[in-house]
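Subject: Handover of a structure

Dear colleague,

Please find below the structure that I am handing over to you. A summary of the findings follows it.

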Amino acid sequence: MPVHHSLAWQRRQAFWNAADDTFDVVIIGGGVQGACLFDRLVREGYRVLIVDRGDFACGTSQASAMLVWGGLLYLKQFDLPEVIRLCEARDRLIGQHGRGVDRRHVSYLFGDPVHRPRWVIRLALQLYWLSALGRRAVPVWSAPLRERDFLRDSSVRNHVRFEEGGLRSSDAMFVFDWIDRGSAAPNGVAMNYCEATAGRYDTPARHWQLDLTGTLEPRARSVTARWIVNAAGVWADAVNDRFGIESPWQQLLAKGASITIDRLPGHHDTLVFDGRGKQEGLSLVPWGRVSLWGSTETIVDRPDTGWRVDSDDVTFLLDSLNR
């Protein structure tokens, strides 16, 4: 009987056997940053290759809380230009990716004791709303809180409701859909389980020469590119080292651990709890049949350390959730 291979298998074989090895841009890393840039450059007419040594969105991009923020935390540093830029990016995602991103209500809850003066939060959220040029709903104080029934009385003395963005399905699916759309164009090529093992810049020719190796199959080939984009996320420093690139920047890595519980009846909005120190910014996010509680923010020195959840993480998350 004839063997019928999947379209994905045919695409992979076509890539490894292709004679044309020239691209305008090669993006290393198939997470949300690489996916966004891949889609944008392909739509602008560049010939682009995106590669990932694992599956697309296999790193940090499959470990989010499915929220699309507009840079609210940057108000703490009074970085208004960055807040305005991120608000615009969030709203553009909501407008252009309606199937994957929608509006999401967030309730900021003041407990007992109150850690921040309410007027400070009121002023910050009004400024946040103005930074988005009024594109999101106006923050509302003491709106009906549907989640009050399952919260301790000490957890909610007052609250304010505002609007952000959120993913409809999951973070990994959102990234995959972005990459899949770009790879459907004739000038876009997407290859997962494909690692850039070496690279060198040819100064006279003014292009990069990359050696690519399959991580699932014993295949290899070389390609050339005018530009290389390092979108490897937490592994960006390791990619720079492999290519002999000395960057003036170094990543500060933090581990964010969350837990999931069965979604509580009446849990509709994302709840953010007022707090200090390790308690600051903890949130309860509804997602399908579960609620996500977290996350921790622990500085780590290596990416592999950031993927391990230890007993201290679990104890902190359970204790804070019970409170």
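Predicted model: local features only at pLDDT ≥ 70, side-chain atom pairs only at ≥ 80, totals over all residues.

Residues are numbered from 1 along each chain as its sequence is written, and side-chain values use heavy atoms, with hydrogens and water left out. Helices (H or I, at least four residues) and strands (E, at least two) are DSSP runs, numbered from the N terminus.

The sheet and its helices

An open sheet is formed by 6 strands in the order 7-2-1-10-9-8, with mixed pairing; two strands pair if DSSP finds at least two bridges between them. Strand 7 (188-192) and strand 8 are at the edges with a single partner strand each, so one side of each has no neighbour in the sheet. Strand 1 and strand 2 (residues 48-52) run parallel and are joined by 4 bridges. Among the residues concerned, valine 26 has leucine 49 in strand 2 as its bridge partner.

In helix 6 (residues 236-243), the buried residues are Ala236, Val239, Asn240 and Phe243, where buried means under 20% relative accessible area with a 1.4 Å probe, protein chains only. Viewed down the axis of helix 6, these residues fall within an arc of 100°, so they line one face of the helix; the arc is that of the directions from the helix axis to the C-beta atoms. Their cover includes strand 1 (22-28), strand 8 (194-202), strand 9 (207-214) and strand 10 (220-230), contact meaning heavy atoms within 4.5 Å. Glycine 244, with a positive phi near 70°, follows helix 6.

Strand 15 (residues 290-294) has 4 of its 5 residues buried, so it is largely enclosed by the rest of the structure. Strand 12 (residues 258-262) runs antiparallel to strand 15, with 5 bridges joining them, and isoleucine 261 stands opposite serine 291. Strand 14 (residues 283-287) also pairs with strand 15 in the antiparallel sense, over 5 bridges. In the hairpin of strand 14 and strand 15, 2 residues lie between the strands, and glycine 288 takes a positive phi near 60°.

The pocket

Which helix gives the most to the lining of the second largest pocket? Helix 8 does, with 3 residues.

Yours sincerely

Terms used:
Buried < 20%, exposed > 50% of the residue type's maximum accessible area, 1.4 Å probe, protein only.
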